[in-house]
Amino acid sequence: MLKEQGNYKDARANFEKYLVIKPGDKEAMEGAESCRKAISWVSDPTRHIVMAEIQLNTDHYDFAPAWGDKKHNMLIFSSSREGSTGEEIDQRTGEGFMDLWITTRDQKGKWGEPVILPTTINTEDNEGGSELNSKGTKLYFTRCPRAKKENVGCDIYVADKQGKNWKQSVLI
């Protein structure tokens, strides 16, 4: 939690204390190293300015962006934002189930209001982690179906583009 809260110094100290008890623990070594790097980056920042894209970032889970065209003017991403398919709440996250959304950038570089992809792609389960093929004609993505009291994992699906629409996605 200290690392997540940006308290890298104390987090690193705790990782190092744990390594005394359990030397060579991979996760602890990686945690300590990531804290060391974060401390360095904070003390010697770059000139880059990271700003939230107001149109894209919400209080919900918004993640896994992928370019939706060769000119980098479309972005497909996963989100649990309001308007996602289905009414249920994911018990693991406390949010709605995730769907794939798309947004386009105008000539001035401003991103438009995200639009949910159709039900040929999105279901009441979690969809995420997408990628287009080089021609932009196939969309590959992850779907994590749910079954009561059973962990069924996630699968990779593909949907073919047909004109401006997407055909029904199929399991690969």
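These are my notebook entries on a predicted protein model.

**Ground rules**

I number residues from 1 along each chain as its sequence is written. Since the model is predicted, local features need pLDDT of at least 70 and side-chain atom pairs count only at pLDDT 80 or more, while totals for chains, interfaces and linings use all residues; side-chain values use heavy atoms, with hydrogens and water left out.

**Entry 1: the whole chain**

I started with the parts list and found two helices and nine strands. For me, helices (H or I, at least four residues) and strands (E, at least two) are DSSP runs, numbered from the N terminus. Along the sequence the pattern reads α-α-β-β-β-β-β-β-β-β-β.

Next I looked up the dimensions. The C-alpha trace spans about 60 × 50 × 30 Å along its principal axes. The radius of gyration is 20 Å, whereas a compact globule of 172 residues would have one near 16 Å. (That radius is taken over C-alpha atoms, and the globule rule is 2.2 Å times the number of residues to the power 0.38.)

Then the surface: the protein exposes about 12300 Å², and carbon and sulfur atoms supply 53% of that. The areas come from the Shrake-Rupley method with a 1.4 Å probe, and for residues only the protein chains shown count as cover. Buried residues make up 30% of the 172 residues. My cut-offs are under 20% relative accessible area for buried, over 50% for exposed, and partly exposed in between (1.4 Å probe, protein chains only).

**Entry 2: the four-strand sheet**

I traced an open sheet of four strands in the order E1-E2-E3-E4, with antiparallel pairing. Two strands pair if DSSP finds at least two bridges between them. Strand E1 (62–67) and strand E4 (115–116) are the edge strands, each pairing on one side only.

I went through the neighbours one by one:

- E1 and E2 pair over four bridges in the antiparallel sense, and Ala66 has Ile76 in E2 as its bridge partner.
- E1 and E2 also make a hairpin with six residues between them, and His72 in the turn has a positive phi of about 60°.
- E2 and E3 run antiparallel and are joined by six bridges; here Met74 stands opposite Thr104 in E3.
- E3 and E4 pair over two bridges, again antiparallel, and Ile102 stands opposite Val115 in E4.

I also checked cover on E2: five of its six residues are buried, so I call the strand mostly covered.

**Entry 3: the other hairpin**

Strand E5 (residues 126–132) is mostly covered too, with five of its seven residues buried. It runs antiparallel to E6, and five bridges join the two. Glu127 has Arg143 in E6 as its bridge partner. E5 and E6 form a hairpin with five residues between them, and Gly136 in the turn has a positive phi of about 75°.

**Entry 4: the nonpolar core**

I asked myself which residues make up the largest nonpolar core. There are 11: Ile76, Leu100, Ile102, Leu117, Ile121, Leu132, Leu139, Phe141, Tyr157, Ala159 and Trp166. (Such a core is a set of buried Ala, Val, Leu, Ile, Met, Phe, Trp, Tyr and Cys residues joined through side-chain atoms within 4.5 Å.) The elements giving two or more residues to it are strand E3 (99–104), strand E6 (138–144) and strand E7 (155–162). Apart from it lies another core of five residues, among them Leu56, Leu75, Trp101 and Trp111.

I then picked Ile76 and listed what it touches (contact means heavy atoms within 4.5 Å). Leaving out residues up to four places away in sequence, its contacts include Leu100, Ile102, Leu117, Leu132 and Leu139.

**Entry 5: the disulfide**

I counted one disulfide, taking it as a pair of cysteine sulfur atoms within 2.5 Å. Cys144 and Cys154 form it, their sulfur atoms 2.0 Å apart. The link is right-handed, with 100° about the S-S bond. Cys144 lies in strand E6 and Cys154 in the loop between E6 and E7, so the pair ties together parts 10 residues apart in sequence. Cys144 is buried at 16% relative accessible area, while Cys154 is partly exposed at 46%.

**Entry 6: Glu82**

Is Glu82 buried or exposed? I found a relative accessible area of 69%, so Glu82 is exposed. Glu82 sits in the loop between strand E2 (74–79) and E3. Not counting residues up to four places away in sequence, Glu82 touches His60 and Trp101.
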